[in-house]
Amino acid sequence: MHFVQAKSLLTRENGMNVYRGCVHGCVYCDSRSRCYQFTHLFEDIEVKENAPELLERILRSKRKKIMIGTGSMCDPYQPCEMELRIVRRCLELIGRYEFGAAVLTKSDRVLRDLDLLAEINRKAKAVVQMSLTIADEELSRKLEPNVCTSRRRYETLKEFQKAGIPTVVWMTPILPFLTDTEENLETILGWCIDAGVKGIICWNLGMTLREGDRYEQMTWF
Ligand code: SF4
């Protein structure tokens with residue numbers, strides 16, 4: 001992990017990644033592809049330590065309320081977040097300035113911020129998005145070795161359901177010969193129904209297999 005002072009934070013679509021890189025180790029991860037031009041090891045997470053200051057400046061200057069997204073490129077709930085609390089500080093600001101938030105993660109660490117997400121949802125709108133990919137626990141631990149399994153994510157979604165916070169599932173990628181079975185898809189869809197998710201995204205079902213993703217990830221086996 002290394003720290004930087006970022007010059008900017010939000011993308012044109014109002015997304016932010018306070019961490020660049022990820023240690024969750026998914027074998028199919030597209031974010032580590034060379035086309036994204038990481039200048040450091042993907043697992044050597046770059047921490048934008050001034051992200052809350054940058055975000056506050058942005059929120060103060062916005063005339064219209066918007067949804068701030070996080071997690072489209074790198075998972076915001078890295079293990080280091082539990083100590084650094086940068087995502088949490090950003091959510092506190094989003095709540096204070098009454099903006100909306102959409103969080104995408106594979107980690108049940110997001111439960112730590114349920115109180116803030118509930119507050120944001122009361123004042124504006126919060127959406128929690130989780131990827132559900134592999135119903136089989138053993139396979140899940142092999143293919144996504146450093147993050148909780150899909151079953152645990154389903155249980156996490158149910159916690160947000162109880163708190164009245166809308167959730168969305170990313171059912172992607174579907175891995176040929178591994179997770180493209182009827183049994184896997186039916187189990188995940190059953191979890192989605194049971195957790196009352198508001199939407200299922202199957203955009204870009206497969207893997208990109210771009211240069212730099214699959215080959216290096218195979219070292220996790
Ligand atoms: S959670 Fe998995 S797919 Fe997402 S950025 Fe991390 S390693 Fe890549």
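Q: How many helices and strands are there in the chain?
A: This is a predicted model. Its chain holds both kinds of element, with 8 helices and 9 strands.

Q: What radius of gyration does the chain have, against that of a compact globule?
A: The C-alpha atoms fill a box of roughly 50 × 40 × 30 Å along the principal axes. A compact globule with 221 residues would have a radius of gyration near 17 Å. The chain agrees with this, at 17 Å.

Q: Among contacts between residues at least 6 apart in sequence, what share joins residues at least 24 apart?
A: Of the 221 residues, 37% count as buried. For contacts in the chain between residues at least 6 apart, the share that joins residues at least 24 apart is 83%.

Q: Which residue in S4 is the bridge partner of Arg 20?
A: S3 and S4 pair in the antiparallel sense over 2 bridges. In S4, the partner of Arg 20 is Glu 46.

Q: How many of the 6 residues of S6 are buried?
A: S6 pairs in the parallel sense with S5 over 4 bridges, and Met 67 stands opposite Gly 100 in S6. S6 also pairs in the parallel sense with S7 (residues 126-131), over 5 bridges. S6 is largely enclosed by the rest of the structure because its buried residues number 5 of the 6.

Q: What is the handedness of the β-α-β unit made by S6, H4 and S7?
A: The two strands of this unit, S6 and S7, are parallel, and Thr 105 stands opposite Met 130 in S7. With H4, they make a β-α-β unit that is right-handed.

Q: Which residues of helix H3 (residues 86-96) are buried?
A: The buried residues of H3 pack against S4, H1, S5, H2, S6 and H4. Just after H3, Glu 98 takes a positive phi of about 60°. The buried residues in H3 are Ile 86, Val 87, Cys 90, Leu 91, Ile 94 and Gly 95.

How values were computed
Residues are numbered from 1 along each chain as its sequence is written. This is a predicted model: local features need pLDDT of at least 70, side-chain atom pairs count only at pLDDT 80 or more; totals for chains, interfaces and linings use all residues. A residue is buried if 20 or more other C-beta atoms lie within 10 Å of its own, exposed if 12 or fewer, and partly exposed in between; C-beta atoms are placed from the backbone. Two residues are in contact if their C-beta atoms, placed from the backbone, lie within 7 Å. Two strands pair if DSSP finds at least two bridges between them. A crossover is right-handed if, with the strands pointing away from the viewer, the path from the first strand over the helix to the second runs clockwise. The radius of gyration is taken over C-alpha atoms; the globule rule is 2.2 Å times the number of residues to the power 0.38.
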